[in-house]
Amino acid sequence: MNWISNYVRPKINSLFSRREVPENLWTKCDECGTMLFHRELSDNQNVCTNCNHHMPIAPRARFAALFDGGIFSEIDVPQPVADPLHFRDQKKYPDRMRAAQKSTGEAEAMLVAQGEIGGAPIVAAAQDFRFMGGSMGMYVGNAIIAAATRAVELGRPLILFSAAGGARMQEGILSLMQMPRTTVAVEMLKEAGLPYIVVLTHPTTGGVTASYAMLGDVQIAEPNALICFAGPRVIEQTIREKLPEGFQRAEYLLDHGMLDRVTARTELREELITVVRMLMGLPPAVRGSLPAPEPIPAAPAPAKDVAAPQTDEPKA
Ligand SMILES: [Zn+2]
């Protein structure tokens, strides 16, 4: 008990602990193993700058990169009944929900927003694979209906970014019922003559592929995204045959007529602007914004009786 242990040691300890570097400054690319600095990676929308591997991106970050100036307003989604089946596997369903909400900072697996891209107003919805595998539960169904309803109200196209492992098993049959519900939502858009554009991201599988993710007027996919109903392993085991290379990947599906485009995430915004403006009959987007022209005086000002006020400023 002296001043060395009571005063000096805590001081020294605090000096060293302050030097600790946050752990998540660097991310390792799953594909090529390159260590990527977090800012460099987020500036490139989570696409590896070395090998162009597309890593998962949160809906909020995607919207920030998609909308003009990163400005969008969220659309409220009606909250469904929580845990209707009192489902429990290794964990209770409400516990799983809370854990997912804590790790993602989002309320559920889909984010709906409205805003403008290249000056064209749109409604957009994006699925969050980090939130329980982006699984399609009642909330996701409600989100798509809310997005389609708003799009019809405002007469805007709907752009949907899919990413899901399929239906949410914790909601059983209620999650499967989202397939017809979302199909009806897409039908609403078609009846209103509004474009529905789907961007399929890695991975889009199961019941999502069997409903709203495949009903777009334009089907775009991100490079190397896995898009399927049943996964390659299941098919291989069922038919007992070796599947061709790249089977069910975006490029393979494009070659076989399942998709319209495969577009890199960094070029997606420009492409969506072009597609939306074309389908909505708008003129091509203005590249770069020039300052508004100065107003031209309509006629020479009539002669005034009063002299112009004197200014104190010296003339240059
Ligand atoms: Zn890489």
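**View 1. Met179 in helix 7 of the predicted model.** Helix 7 covers residues 178-191 and contains Met179. Met179 counts as partly exposed because it has 17 C-beta neighbours inside 10 Å, whereas a buried residue would need 20 or more. Leaving aside residues up to four places away in sequence, Met179 touches Gly207, Ala210 and Ser211. The C-alpha atoms of Met179 and Val208 are 7.4 Å apart, although 29 residues separate the two in sequence.

**View 2. Helix 5, residues 138-154, from end to end.** Helix 5 has 17 residues, and at 1.5 Å a residue it should span 24 Å. Just after helix 5 comes Gly155, with a positive phi of about 65°.

**View 3. Buried residues of helix 5 and what covers them.** Met138, Tyr139, Val140, Gly141, Asn142, Ala143 and Ile144 are among the buried residues of helix 5. Further along helix 5, Ala147, Ala148 and Ala151 are also buried. An α-helix has 3.6 residues a turn, so residues three or four places apart point the same way. The cover over the buried residues of helix 5 includes strand 4 (110-117), strand 5 (120-127) and strand 6 (158-164). Helix 6 (172-176) and helix 7 are also included in this cover.

**View 4. Residues 29-51, annotated in UniProt as a zinc finger region.** The unreviewed UniProt entry places the feature "zinc finger region: C4-type" at residues 29-51. In the model, the end C-alpha atoms of this span lie 9 Å apart. Residues 29-51 are 26% helix and 13% strand.

Terms used. Residues numbered from 1 in each chain as written. Predicted model: local features only at pLDDT ≥ 70, side-chain atom pairs only at ≥ 80, totals over all residues. UniProt positions renumbered as here; feature names shortened; annotations may be inferred. Helix = DSSP H or I, 4+ residues; strand = E, 2+ residues; numbered from the N terminus. Buried ≥ 20, exposed ≤ 12 C-beta atoms within 10 Å, placed from the backbone. Contact = placed C-beta atoms within 7 Å. Expected span 1.5 Å × (residues − 1).
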